[in-house]
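I opened the notebook to record what I looked up in this structure. The entries follow in the order of my reading.

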Amino acid sequence: MRGSVIVESPQASGSMKAQPPQGRVDRPDEADSSRGASSSDTSDARAKIKQPRAPMSKAEALDKIDAHLREWLYQARHKDDCVTFGAVVEKRHDATHAVSRCVKRPSASKTLSFSSFRLRSLPRKALGLIATHFEPLVQGINLDFNRLTRFPVVLCQFRYMQAITLFGNRGITEIPEGIKHLKQLAVIKAQMCSIQRLPDSLSKLSKMKELLLSNNQLSTIPDLSKLKALRVLHLDENYLTDELYPKLPLGLTRLGLSRNRFTAIPAVVHDMPDLSFLNLENNGFHDKSEWEGLLTYVDDSSQVVERRYEFFAI
């Protein structure tokens, strides 16, 4: 009807509300359970990711060591580590057998010998596994007369190491700071290398007894006066000067300082009552009249004692 106004009642307007779309509607409890399942799966996945690996058994470690040794041996085909390929294979075979013997026959010698193998590198991965899983079995390593171009840092992982021999490796120019981790180390033999620098951490090796560093390129050394156990120190044929003297420990029994650049006879040797071997040959001493004082020393009771040298040269 024209001009009339139609007013809807509240009930009618309510009935006109939008209806939900047709199809399946998740109930609240179902949606929550679905979300719970999803978050549970995610947490399980994260737990699997964070779960630490089971420690490697010794049998597994042996298999990996063998695998790394085979790989290292195979690399000889691609690297000129010795004079000829045949020598490379032969010497690396010897080296792999030495490692295997050390690990698989614990009753054998605890010194791992690579002497005269003419190697430029070591089986680093295999040695790392040995340090981790069979560490007490290796207490010494002999690397004499090889062709190493640097100190094998992997050796710093062997906390039970007592002796390291590097004689004749002309490529080694320094000993790393990491040697401080070898708390049991008592002997370093590194003659005829090209060592120019010693680490300050060397003074922390409280069990060091023998330090043989003759025929290198040292012009200075760290303070060794704290090495109370040191008995043998050979620094012949280097470039050392009088600044060395205050750095020497007083408990030495053998001291080799020949063929250096000293200009004065070291007064510190008067404070070494147990010194029986002293070599000061071929230095630049201006006055050798002091040498007679090296044949005596004053003991704790202020008595002058004649020193009996096993060897004395100046």
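**Entry: the loop between β5 and β6**

I looked up N215 and found it in the loop between β5 (210–212) and β6. The model is a predicted one, and I read every value below as computed from it. For N215 I noted a phi near 60 degrees, which is a positive value in a residue other than glycine. Is N215 buried or partly exposed? I have it down as partly exposed, because its relative accessible area is 23% and buried means under 20%.

I then went to N216, which has its place in the loop between β5 and β6. N216 has a relative accessible area of 4%, so I wrote it down as buried. I also checked N216 against T173: the two are 43 residues apart in sequence, and their C-alpha atoms are 8.7 Å apart in space.

**Entry: another positive phi**

I looked up R118, which lies in the loop between β1 and α5. Its phi is near 55 degrees, a positive value, and R118 is not a glycine. At 29% relative accessibility, I counted R118 as partly exposed.

**Entry: F151**

I found F151 in the loop between β2 (140–142) and β3 (163–165). With a relative accessible area of 5%, F151 is buried. How far apart are the C-alpha atoms of F151 and I195? I noted 9.8 Å, for residues that are 44 apart along the chain.

**Entry: the sheet**

I traced an open sheet of 9 strands. I wrote down the order as β1-β2-β3-β4-β5-β6-β7-β8-β11, with parallel pairing. Which strands stand at the edges? They are β1 (111–113) and β11 (311–313); each has a single partner strand, so one side of each has no neighbour in the sheet. On average, neighbouring strands of this sheet are turned by 10 degrees against each other, with direction ignored.

As a reminder to myself, strands of a sheet pair through backbone hydrogen bonds, in a parallel or an antiparallel way. Strand β6 (residues 232–234) pairs with strand β7 (residues 254–256) in the parallel sense, over 3 bridges. I also looked for the bridge partner of L233 in β7, and that partner is L255.

**Entry: cysteines**

How many disulfides does the structure hold? I counted 0. I looked up two cysteines for their accessibility. C156 counts as buried, at 10% relative accessibility. C193 is also buried, with a relative accessible area of 1%. Both fall under the 20% cut-off for buried.

**Entry: the largest pocket**

Which elements give two or more residues to the lining? I found α3 (58–74) and α5 (124–133). I then sorted the lining of the largest pocket by class: 9 residues are nonpolar, 4 are polar and 6 are charged.

Definitions and conventions. Residues are numbered from 1 along each chain as its sequence is written. This is a predicted model: local features need pLDDT of at least 70, side-chain atom pairs count only at pLDDT 80 or more; totals for chains, interfaces and linings use all residues. Side-chain values use heavy atoms; hydrogens and water are left out. Helices (H or I, at least four residues) and strands (E, at least two) are DSSP runs, numbered from the N terminus. Ala, Val, Leu, Ile, Met, Phe, Trp, Tyr, Cys and Pro count as nonpolar, Asp, Glu, Lys and Arg as charged, and the others, Gly among them, as polar. Two strands pair if DSSP finds at least two bridges between them. Axes are lines fitted to C-alpha atoms, for helices over the stretch in contact, and angles run from 0 to 180 degrees between N-to-C directions. A disulfide is a pair of cysteine sulfur atoms within 2.5 Å. Buried means under 20% relative accessible area, exposed over 50%, partly exposed in between (1.4 Å probe, protein chains only).
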